[in-house]
Amino acid sequence: MRVLITGITGFVGSHLAEFVLQQPDVELFGIERWRSKTDYIEHLKPRVMLYDCDIRDATSIRRVIGEVQPDWVFHLAAQSFVGVSWTAPSETLTTNIIGQLNLLEAIRQVAPRARVHIAGSSEEYGLVHPQELPIREGQALRPLSPYGVSKVAQDLMGYQYAKSYGLHIVRTRAFNHTGPRRGEVFATSNFAKQIALIEAGLQPPVIAVGNLDARRDFTDVRDIVSGYWLALERGESGEVYNLCSGHDWGIGEVLDMLRALSPADTEIRVDPQRLRPSDVLVLRGDASRFAQQTGWQPTIPLQQTLADLLEYWRQQVQLSRQQATMVSGAGGKR
Ligand code: A2R
């Protein structure tokens, strides 16, 4: 089976690639841009065929789909940062909406039998009233960020292409997911990085934080990617599924869990720069539709996810220290 992952160089894409390569009889393909950082998939490169492609360029993605002739496509490529979407709304909408349009048009024209997964987000739900929790798929979509709007458009476009053209498209709405390699703009990863820097003596023992009152439904990224696989294996075309744990944690609670994993004695300071124009207070999902359809259940407890995330950042901090030492050593010889 020929599997293509767009966004393979990203956080989720790298974990999905690892998962796919553990499956039997699979050939894995991915796309990268000339300026993509490929650190996350460096260890997988011998087993992945990478194509140069920017999804904003219709010709470029059409060429890839035509050449690869994928059986399955996981569409993860996106401007994925909610925060960035406030400062770059146009770039966010173009990449996410027009980029996906280019992909689906290419599939419709040159690989119409491919199964396609579209990675949506709980940010599509946006404003949710307490009486609407837990969030099911029929919940009104009231996005509160340009990113959320772009994901709603991707989601509905997936529905429309499935219905209008009979393409096999399965949509998911993943709630917060984290784990090793999570970008440092995300709260969990940012806290873990700060703790690792503090442990290494590279930051004063004060953790800068944003809104600690928000509550989010966290799942390990490794559980999310196994869900994406099941979505294409067992999901119904045209359907949409929540992927979440069904439990919400306060961001402050997660921070305390991370602090408890460290021997460092730390304090907390609120940084107003980290507060967003409109932040959803509580997001908690209900994944029972997906569980019934596919048998999926998250398996990794948050405690483990956070321990792995902190360990990841300890390694990154150590690595950049070693690199800095090597550079200053090389400088000294000159
Ligand atoms: O930035 P790059 O070149 O490393 O590639 C990123 C890719 N990407 C694109 N690929 C082709 N053409 C584009 N115009 C383009 N723009 C972005 O999407 C990278 O491989 C991926 C995004 O990775 P992350 O930012 O780490 O996102 P994450 O957390 O892996 O999210 C995956 C999906 C997204 O659709 C999110 O909206 C959703 O899950 O939650």
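Domain bounds here come from an automatic or database domain assignment, and the model shown is a predicted one.

**View 1. The two domains of the protein chain.** The chain is divided into domain 1, which covers 2-179 + 219-243, and domain 2, which covers 187-215 + 247-283 + 301-322. Taken over C-alpha atoms, the centres of domain 1 and domain 2 are separated by 27 Å. Where the two domains are in contact, domain 1 takes part with 15 residues and domain 2 with eleven residues.

**View 2. The area buried between domain 1 and domain 2.** About 1200 Å² is buried between domain 1 and domain 2, and carbon and sulfur atoms give 63% of this area. On the side of domain 1, W86, L144 and T178 together supply 34% of the area buried against domain 2, which is more than any other three residues supply.

**View 3. The salt bridge and the polar contacts.** Across the interface of domain 1 and domain 2 one salt bridge is found. D308 forms a salt bridge with R222, and the closest N and O atoms of this pair lie 2.9 Å apart. Between domain 1 and domain 2, three residue pairs are counted in polar contact, with both residues of each pair at pLDDT 80 or more.

**View 4. The side of domain 1 that touches domain 2.** Helix α3, made up of residues 82-87, gives the most to this side of domain 1, with three residues. Sorted by class, the side of domain 1 that touches domain 2 has eight nonpolar, five polar and two charged residues.

Key. Residues numbered from 1 in each chain as written. Predicted model: local features only at pLDDT ≥ 70, side-chain atom pairs only at ≥ 80, totals over all residues. Heavy atoms only, no water. Contact = heavy atoms within 4.5 Å. Buried area = accessible area lost by both parts, 1.4 Å probe. Salt bridge = Lys/Arg side-chain N within 4 Å of Asp/Glu carboxyl O. Polar contact = N/O pair within 3.5 Å; in protein donor to acceptor, adjacent residues only side chain to side chain. Helix = DSSP H or I, 4+ residues; strand = E, 2+ residues; numbered from the N terminus. Nonpolar A, V, L, I, M, F, W, Y, C, P; charged D, E, K, R; others polar.
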